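Work through the exercises below with the coordinates open. Try each task before reading its solution.

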Amino acid sequence: MRYGDWIGTYTGKHFYIIDPRPEEVCIEDIAHALSQICRFNGHSVETYSVAVHCLNVEKYLSQRGYDKLIRLYGLLHDAPEAYIGDITRPLKKCLGGSAIEKIESRIMDTIYAHFKIPKPKDDMVKVVKDADDYVLACEAKRYMINTGEWNLLPTEGYVLAFSGNLTKERAEAFYTYRVLTLLEELNEVKL
């Protein structure tokens, strides 16, 4: 017996939002959905997808010398959004420790199980969160027009590696490639 209802995915799977299973996860669904979900709830000056954001987080972590596992966590940090959408930070703050965060966490754990990677330790979560915040600041300054009152980190002239003009097809393909490449490289090293 499964709990809740399911969504249909790009590859035709049934993904149960509140009762996810590792066999319902696949990189094709994650990459396809993230490449079509626009950051900033669609209010950016040009389309800028969650997939491109995750590629920028991974690149930022790579440029700072972080290991492959942390970089993979950076790529996957928004993967639950492939199944529940991108919920804006202001809404998440309003909801606090809500059911949404529990669902998102359950989906994230299911994604880790699917890819057979350990759940990150607290220090790893902080590294990815800090990178996410830094990249968000860069993106907001580049893709939003009303950031004067935002509480953004200083970005010291950092230039995003990937821009919004990366087509959704290329973002989907490159996101898939980066995840699979890091997984393959990590499988050569005992986790």
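Helices here are DSSP runs of H or I with at least four residues, numbered from the N terminus. Asp132 is found in one of them, helix H7. The model is predicted.

**Exercise 1. Describe helix H2: what is its reach from first to last C-alpha, and how many of its residues are buried?**

Step 1. H2 covers residues 50-63, which is 14 residues.
Step 2. Compute the expected span: 1.5 Å times one less than the number of residues. The expected value is 20 Å, and H2 reaches 20 Å, close to that expectation.
Step 3. Count burial. In H2, 11 of the 14 residues are buried, so the helix is largely enclosed by the rest of the structure.
Step 4. Name them: Val50, Ala51, Val52, His53, Cys54, Leu55, Asn56, Val57, Glu58, Tyr60 and Leu61.
Step 5. Find what encloses them. The buried residues pack against helices H1 (27-36), H3 (68-76), H4 (81-84), H7 (122-143) and H8 (168-187).
Step 6. Look just past the helix end. Gly65 takes a positive phi of about 80° there.

**Exercise 2. Characterise the packing of H2 on H7: what are the angle and the axis separation?**

Step 1. Two packed helices are described by the angle between their axes and the distance between the axes.
Step 2. For H2 and H7 the angle is about 120° and the axes are 9 Å apart.
Step 3. H2 passes H7 in a right-handed crossing.
Step 4. H2 contributes His53, Asn56, Val57, Tyr60 and Leu61 to the contact. H7 contributes Val127, Val128, Ala131, Asp132, Tyr134, Val135 and Glu139.
Step 5. By class, the contact holds 8 nonpolar, 2 polar and 2 charged residues.

**Exercise 3. Follow Leu61 of H2: what is its relative accessible area, and which residues is Leu61 in contact with?**

Step 1. Leu61 sits in helix H2.
Step 2. Its relative accessible area is 0%, so Leu61 is buried.
Step 3. Leave aside neighbours within four places in sequence. Leu61 is then in contact with Tyr66, Ile70, Arg71, Gly74, Val127, Val128 and Ala131.
Step 4. Check a distance. Leu61 and Glu185 are 124 residues apart along the chain, and their C-alpha atoms are separated by 16 Å.

**Exercise 4. Classify the crossing of H3 and H8: at what angle do the axes cross?**

Step 1. The axes come within 10 Å and cross at roughly 150°.
Step 2. Angles over 145 degrees count as roughly antiparallel. That makes H3 roughly antiparallel to H8.
Step 3. The crossing of H3 and H8 is left-handed.
Step 4. The H3 side of the contact is Lys68, Leu69, Arg71, Leu72, Leu75 and Leu76. The H8 side is Tyr175, Arg178, Val179, Leu182, Leu183, Glu185 and Leu186.
Step 5. This contact of H3 with H8 divides into 9 nonpolar, no polar and 4 charged residues.

Definitions and conventions: Residues numbered from 1 in each chain as written. Predicted model: local features only at pLDDT ≥ 70, side-chain atom pairs only at ≥ 80, totals over all residues. Heavy atoms only, no water. Helix = DSSP H or I, 4+ residues; strand = E, 2+ residues; numbered from the N terminus. Buried < 20%, exposed > 50% of the residue type's maximum accessible area, 1.4 Å probe, protein only. Contact = heavy atoms within 4.5 Å. Axes fitted to C-alpha atoms, helices over the stretch in contact; angles between N-to-C directions. Parallel < 35°, antiparallel > 145°, perpendicular 65-115°, else oblique. Left-handed = near helix turned anticlockwise from the far one by under 90°. Nonpolar A, V, L, I, M, F, W, Y, C, P; charged D, E, K, R; others polar.
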